[in-house]
Amino acid sequence: MSYLHVLNGDATLALFRQSKVPGEIVVCREMMCEGKVKYTKDLTEFFESRAKHLEYHYGIDKQTYFTNVVQELEKLDLSGSAADEIVLWFEYDLFCQINMLFILHYLSSRLTTLPTISLVDLHHHPTPQEFPQIFEQRIPLQPNDLTWAADVWDAWCMSTPQVLETVSKLPPGNLKYLPEAITAHLKRFPDINTGLSTIENYFLLRLVLGSYRWYDLYMLFWSELEIYGFTNFQLDILVHRMANAGVIEEHDQMLKITSLGREILEEEENYLDYASLEHRWLGGVRLAGTPWRWDPQLNALVEIEADVV
């Protein structure tokens with residue numbers, strides 16, 4: 001048997017190599033849960049759009065993106081078609097789950113005939129000694145799993161979140177972590193009362209209790225909202241946006257809430273009156289002008305009147 005292992009990020013690579021699990025390795029270095037994704041079946045067009053967006057709005061050099069991300073994924077084209085089995089090593093959080101969806105989309109787009117695709121239940125950070133046992137307990141994905149994954153990926157890329165919210169409530173089969181990850185994603189839409197995403201709201205609620213060194217705040221986030229699996233890079237961007245909106249201040253690496261931040265939490269002000277949504281995307285949804293808001297009481301997205309947007 002020949003195996004091709006797809007890892008989510010380089011952090012796992014060294015440990016995996018120490019594990020002596022047999023097979024070739026491809027590393028997914030994307031963060032598909034962050035920034036714009038284009039709804040297209042043409043992967044060349046997709047990567048061009050993605051690279052342009054990440055360079056302009058996230059400072060990620062376009063050539064570096066193609067070298068480190070796209071060229072690495074292109075190993076799937078030949079190695080995937082030659083493998084007897086492709087094994088996906090992705091954790092349960094939003095970051096990993098959306099990257100996993102994209103890998104399944106990539107494989108179905110590039111390979112004429114799919115080999116067996118299996119999924120490991122990677123719910124923690126394993127040691128090299130644990131990898132072989134986790135590998136042995138992997139679960140082969142069934143045709144229904146692949147069909148549902150394709151539907152969810154398409155919905156992720158659409159300009160409205162309605163379909164995504166709907167398909168996420170369907171039976172997940174062997175992709176058991178996806179529904180919770182999608183719900184966590186939908187909570188990133190502006191709150192109907194405050195305009196804050198659930199992560200922005202979390203940061204402000206923490207800072208109401210007192211100032212935090214930025215890294216300590218991130219540590220709390222990783223502990224209490226681990227469903228997101230976000231990186232330092234993503235949280236830095238979020239904090240920078242909040243500082244630009246005037247709801248937090250940073251001095252000597254210490255973060256504190258401002259009076260405006262307190263007023264927004266008390267629903268006396270709305271975050272969207274101060275934070276620019278221009279060029280901000282959640283999957284295929286451009287936030288500027290979108291009528292969709294998260295209603296915490298209904299635990300669902302709601303559409304507001306167009307003249308309120």
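Ala, Val, Leu, Ile, Met, Phe, Trp, Tyr, Cys and Pro count here as nonpolar, Asp, Glu, Lys and Arg as charged, and the others, Gly among them, as polar. With that in hand, welcome to a short tour of this predicted model, where local features need pLDDT of at least 70, side-chain atom pairs count only at pLDDT 80 or more, and totals for chains, interfaces and linings use all residues. Residues are numbered from 1 along each chain as its sequence is written, and side-chain values use heavy atoms, with hydrogens and water left out.

**Cavities**

- The structure holds four cavities of 30 Å³ or more; a cavity is a set of points, on a 1 Å grid over the protein atoms alone, where a 1.4 Å probe fits but cannot get out, and its lining residues have an atom within 4 Å of a point.
- For volumes, grid points are joined across faces, edges and corners, and the space filled by probe spheres set on the points is taken.

**The largest cavity**

- Its volume is about 180 Å³.
- There are 17 lining residues, and E34, R188, L238, R241 and R280 are the ones that lie nearest the centre.
- By class, the lining has nine nonpolar, three polar and five charged residues.
- At least two lining residues come from each of α10 (198-208), α12 (232-245) and β10 (281-283); helices (H or I, at least four residues) and strands (E, at least two) are DSSP runs, numbered from the N terminus.
- α12 gives the most to this lining, with five residues.

**The second largest cavity**

- This cavity has a volume of about 120 Å³.
- Among the residues that line the second largest cavity are F90, M100, L119, D121, N174 and K176.
- Its lining divides into eight nonpolar, two polar and two charged residues.

**A three-stranded sheet**

- β10 also belongs to an open sheet of three strands, in the order β3-β10-β11 with mixed pairing; two strands pair if DSSP finds at least two bridges between them.
- β3 (35-36) and β11 (285-286) are the edge strands, each with a single partner, so one side of each has no neighbour in the sheet.
- The β10 and β11 pairing is antiparallel, over two bridges, and W281 stands opposite R286 in β11.

**R50 in α2**

- R50 sits in helix α2 (residues 43-58) and is buried, with a relative accessible area of 1% (buried means under 20%, exposed over 50%, partly exposed in between, with a 1.4 Å probe and protein chains only).
- Neighbours within four places in sequence aside, R50 is in contact (heavy atoms within 4.5 Å) with E30, M31, M32, E34, G35, K36, V37 and Y65.

Note on methods. On a 1 Å grid over the protein atoms alone, a cavity is a set of points where a 1.4 Å probe fits but cannot get out, and a pocket is an open set with protein on both sides within 12 Å along at least five of seven lines; lining residues have an atom within 4 Å of a point.
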